[in-house]
Amino acid sequence: QLQEVVTAETADLYKTPENCSSLRVPTVNLTIWAPMSSVMRAQEIRFQRVLKLISAAITAFGKQVEGSEMIKIQKDTLGLLYNSFFELNCMRKIAIRPIFHPRFAGLCRSS
């Protein structure tokens, strides 16, 4: 496992391109953040940290193959990484849902 400082510095080298909004790491709205317990906040920060690393890996991989034809294994790798990003983002939404009043829980859909 790489040190947190090393992974953060490496991830910062591969910022999400402006035209890839689906790869941006979502943040929690302050009105949702306020009632969250410290345990839930810590969990959300960990989710965001992992999502940032996956996003950076996808961006770095994309830069590596930019301008060239991707072979099947590269397409598979990119697809698996992106699906991991999507699934983890769905998991974080599900984890936040319990803090909502039941009437508004639907606002935090997993899709």
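Let me start with M36, which is in contact with V28, R41, E44, I96 and I99, leaving aside its neighbours within four places in sequence. Contact here means heavy atoms within 4.5 Å. M36 sits in the loop between helix 2 (30-33) and helix 3. M36 is buried, because its relative accessible area is 5%. Buried means under 20% relative accessible area, exposed means over 50%, and partly exposed is in between, with a 1.4 Å probe and protein chains only. M36 and P98 are 62 residues apart along the chain, while their C-alpha atoms are separated by 9.6 Å.

A word on the source. This is a predicted model, where local features need pLDDT of at least 70 and side-chain atom pairs count only at pLDDT 80 or more, while totals for chains, interfaces and linings use all residues. Residues are numbered from 1 along each chain as its sequence is written, and side-chain values use heavy atoms, with hydrogens and water left out.

Now the whole protein. It has four helices and zero strands, and read along the sequence the pattern is α-α-α-α. The C-alpha trace spans about 50 × 30 × 25 Å along its principal axes. Of the 111 residues, 23% count as buried. Take the contacts between residues at least 6 apart in sequence: 62% of them join residues at least 24 apart.

The surface next. The protein exposes about 7900 Å², and carbon and sulfur atoms supply 60% of that. These accessible areas come from the Shrake-Rupley method with a 1.4 Å probe; for residues, only the protein chains shown count as cover. As for charge, the mean positions of the 14 positive and 9 negative charges are 10 Å apart. Lys and Arg count as positive, Asp and Glu as negative, and His and the chain ends are not counted. A charge is placed at NZ of Lys, CZ of Arg, CG of Asp or CD of Glu.

Which residues make up the largest nonpolar core? There are seven in all: L23, F47, L51, I54, I58, F85 and L88. A nonpolar core is a set of buried Ala, Val, Leu, Ile, Met, Phe, Trp, Tyr and Cys residues joined through side-chain atoms within 4.5 Å. Helix 3 and helix 4 each supply at least two residues of this core, and the largest share, four residues, comes from helix 3. There is also a second, separate core of five residues, which includes V28, M40, I96 and F100. In soluble globular proteins, nonpolar side chains tend to be buried together.

I58 is in helix 3 (residues 38-65) and is buried, with a relative accessible area of 8%. I58 and F85 are 27 residues apart in sequence, and 9.3 Å apart in space from C-alpha to C-alpha. L88 touches F47, V50, L51 and I54, with residues up to four places away in sequence left out.

How many aromatic pairs are there? The count comes to one. The rings of Y82 and F85 have their centres 6.4 Å apart and their planes at 25°, so the pair is stacked. The rule is that rings of Phe, Tyr and Trp (its six-membered ring) pair if their centres lie within 6.5 Å; planes under 30 degrees apart count as stacked, over 60 as edge-to-face and the rest as tilted. Both Y82 and F85 lie in helix 4, three residues apart, about one turn of the helix. Y82 counts as partly exposed at 34% relative accessibility, whereas F85 is buried at 3%.

Further along, N89 is also found in helix 4 (residues 72-96). N89 counts as buried at 14% relative accessibility, and touches P26 and L51, not counting residues up to four places away in sequence. R92, again in helix 4, counts as buried at 5% relative accessibility. With residues up to four places away in sequence left out, R92 touches P26, T27, V28, E44, F47, Q48 and L51.

Last, V5. Is V5 buried or exposed? V5 is exposed, because its relative accessible area is 53%. V5 has its place in helix 1 (residues 4-12). V5 and P17 are 12 residues apart along the chain, and their C-alpha atoms are separated by 22 Å.
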